[in-house]
Amino acid sequence: MHDEPAPTRATPAPPHEPSAPPHDGPAPHDGPAPHDASGGATASDYLRLLVGGAPAEAFDGPTTPDRLLALRLRAELEGRRRREAELTALIETAHDLAGLRDLDAVLRAIVQRARSLLGTEVAYLTLTDPERGDTYMRVTEGSVSARFQQLRLGMGEGLGGLVAQTARPYVTDDYFRDSRFQHTGAIDGGVREEGLVAILGVPLTLGGDVIGVIYAADRRARVFEREQIALLSSFAAHAAVAIDTTRLIAETRAALAALEATNESIERAGEVHDRLTELVLRGGGVADVAAALSHVLDGPVEFQEPEDATEAVERSAREGHAVRAGATEDARGGAATGDDRDGGGGEWAAAVAAGGELLGALVLHGRPALDPVDRRTLERAAMVTSLLLLARRSAAEAEQRVRGELLDDLLDTPERSPALLRQRAALLGADLESPHVVLAARPESHEHRGRRGQGNGRQRLWSASSHLASTAHGLAAARDGGTVLLLPLPAGVTPGDLARRTAAQLGAAVHAPVTVGAAAPVAGTAEVAARYAEARRCVDAMRLLGRDGEGAAAEDFGFLGMLLADSRDVTGFVRRTLGPVLDYDDRRGTELVATLAAYFDSGMSPVRAKDALHVHVNTVAQRLDRVAHLLGDDWQSPARALEVQLALRLHRLSGAFDG
């Protein structure tokens, strides 16, 4: 594999053994040269043979100076004709290669022309792989073996590996008997399957580097002449330049395509900028930003709340850039790696933050890769979103302060002009003439919570209460460690229902239990302060009863509600407790209320009650069954029985019936 290269073996043929390839000169002379009287041809005879392009056998005759000179002239003419034909072929090849722009087409043309120029059965070309340090089969012409067409030759392996390693041409008359290069089982197997015997290989060099090898081969023993080796080497030089030119053109095209893509990305970025600017100017929201971004980035974009932040969002907030979910490195330079199979590879997150506070995130789905311009577009949209959220927060806080100030005035200075208070409320979308309910809300109280934790909880409760009041066209203010709300009472809804609904909404907003107490409905401005005191008593009662995180009104506490309420609504308590029984007696003319009174007066004994009523004991039992159906099976439980007895006494005191 390290012997001298083959060109030393290919020496020109001697003058008396020239070969005569076909040419375009005059028709060859028929017959040998004429002889003079002395038996030899004259100089003029040989000159006529040369001009006529006669074959070598036409110059047979006695060895004379004229004959030797004629043979030398003939060999020189034949060499010049051959070189002229080869030069013409090289020019045509260079012209053909110059007209090609596709690398595959250039490589195929090179191999086809090499096979044609040298008249071989097979021609092929290998290219160098710098990363693997070997050369691999790229194009073949005349090959029939799939195994041969897939060969890879390490440096120094096979004839081609030796050419690639030394950057010099090599030729072998009989491949398998040549020991100058390293034989391997894979290469020899492919050559044997193709049936090749004689092989010529010359390097394709460019700037001192071997970029490949071009081969001409026959399936029979053959001696490649020095001129043929030189011809293929010259052809390889043209081919290397053509390959390099094609690569440069491909790189230029790729650069132009990248430039066009960049221009398109810049245009998209400009489009996004214009859209986002328009959104800001016309007061658009986060949903509008996400919709515009989805259109430009060709993927669904959603806004993610801070409490739903994923690892990617937190990483984006730390790094200050958009990142890909599941990536193991910073995605700014496109080097982030991640497993797309886990579903995270097609998701990008850009944190929406301001002043170190995470306000949320914009999450793009369905894009495994983002170019720098698109990534910057996502980041810019996140910045615009943070500005929108801060602007909304500032506006909301200003509105909350105004609503809170109005409610403070209703609570602290109810003697102010009712008309002025109603006018201020109307500007905020609140109608104080319609029925409203005053609600007191308190966050969960834990002794082990520090001051900072309590402060954060109260701030969240204040923000949630203000938002709820704003959306419901009511008022809210911070007071007594919690909040107070003045909300409209929808038709068909009781104050207790509204309290329970409010407790659930505020608890979900602050992610902690919130206890809400409601007072009786109020219309106007005069009784708001008194109703707030009633709502606070309800909250205190629920906490004493272990009902933290619930909502209720005074009416929900039975007889205790009369103590909590300012109105002392006796009739309402009686109706809530005995209403179904009272209505049944009115409709049927029965004596269920009287039976209940006798039953409790006799110590809850049906036998003694029947004596007081002067009826059969079965009648008492039947009436009590009816009461259970109307009031519920638990009407005799201690708490319910106490309320029923109190309602019966209040009903009796009202003069509704005689005991």
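**Reading packing, cores and side-chain pairs**

Tutor: In this predicted model, the buried residues of helix α6 pack against α4 (146-149), β3, α5 (158-166) and β5 (198-206).

Student: Which are the buried residues of helix α6?

Tutor: Helix α6 covers residues 185-194, and its buried residues are Ile 187, Asp 188, Gly 189, Gly 190, Val 191 and Glu 194. After α6 comes Gly 195, which has a positive phi, near 85 degrees.

Student: How should I read a nonpolar core, and which residues of the largest one touch the most other members?

Tutor: The general idea is that in soluble globular proteins, nonpolar side chains tend to be buried together. Here the largest nonpolar core has 28 residues, and those touching the most other members are Ile 110, Leu 200, Leu 204, Ile 214 and Leu 232. At least two residues of this core come from each of α3, β1 (122-129), β5, β6 (209-218) and α7 (226-281). The most are given by α7, with nine residues.

Student: What does Leu 204 touch, not counting residues up to four places away in sequence?

Tutor: On that count, Leu 204 touches Leu 125, Asp 209, Val 210, Ile 211, Gly 212, Val 213, Ile 214, Ala 236, Ala 239, Ala 240 and Ile 243.

Student: Next, salt bridges. How many does the structure hold?

Tutor: There are 15 salt bridges in the structure. In one of them, Asp 104 pairs with Arg 138, and the closest N and O atoms are 2.6 Å apart. This pair links distant parts of the chain: Asp 104 sits in helix α3 (residues 103-118) and Arg 138 in strand β2 (residues 134-141), 34 residues apart.

Student: Where do Arg 152 and Asp 134 lie, and what does their pair tie together?

Tutor: Arg 152 and Asp 134 form a salt bridge, with the closest N and O atoms 3.0 Å apart. Arg 152 lies in strand β3 (residues 152-154) and Asp 134 in strand β2, so their pair ties together parts that are 18 residues apart in sequence. Arg 152 is partly exposed, at 30% relative accessibility, whereas Asp 134 is buried, with a relative accessible area of 8%. A network of salt bridges links Asp 129, Asp 134 and Arg 152.

Student: How far apart are the closest N and O atoms of Asp 218 and Arg 220?

Tutor: The closest N and O atoms in that salt bridge are 3.9 Å apart. Asp 218 counts as buried because its relative accessibility is 1%.

Student: Last, aromatic rings. What describes a pair of them?

Tutor: A pair of aromatic rings is described by the distance of the centres and the angle of the planes. In this structure the count comes to seven aromatic pairs. Among them, Phe 600 and Trp 635 are edge-to-face, at 6.1 Å centre to centre and 85 degrees between the planes. The two lie in distant parts of the chain, 35 residues apart: Phe 600 is in helix α17 (residues 592-601), and Trp 635 is in the loop between α19 (617-631) and α20 (638-653).

Student: Are Phe 600 and Trp 635 buried or exposed?

Tutor: Both Phe 600 and Trp 635 are buried.

Student: Which residues do ring pairs link into a cluster?

Tutor: Tyr 124, Phe 148 and Tyr 215 are linked into a cluster by ring pairs.

Conventions:
Residues numbered from 1 in each chain as written. Predicted model: local features only at pLDDT ≥ 70, side-chain atom pairs only at ≥ 80, totals over all residues. Heavy atoms only, no water. Phe/Tyr/Trp six-rings, centres within 6.5 Å; stacked < 30°, edge-to-face > 60°. Helix = DSSP H or I, 4+ residues; strand = E, 2+ residues; numbered from the N terminus. Buried < 20%, exposed > 50% of the residue type's maximum accessible area, 1.4 Å probe, protein only. Salt bridge = Lys/Arg side-chain N within 4 Å of Asp/Glu carboxyl O. Contact = heavy atoms within 4.5 Å. Core = buried A, V, L, I, M, F, W, Y, C linked by side-chain atoms within 4.5 Å.
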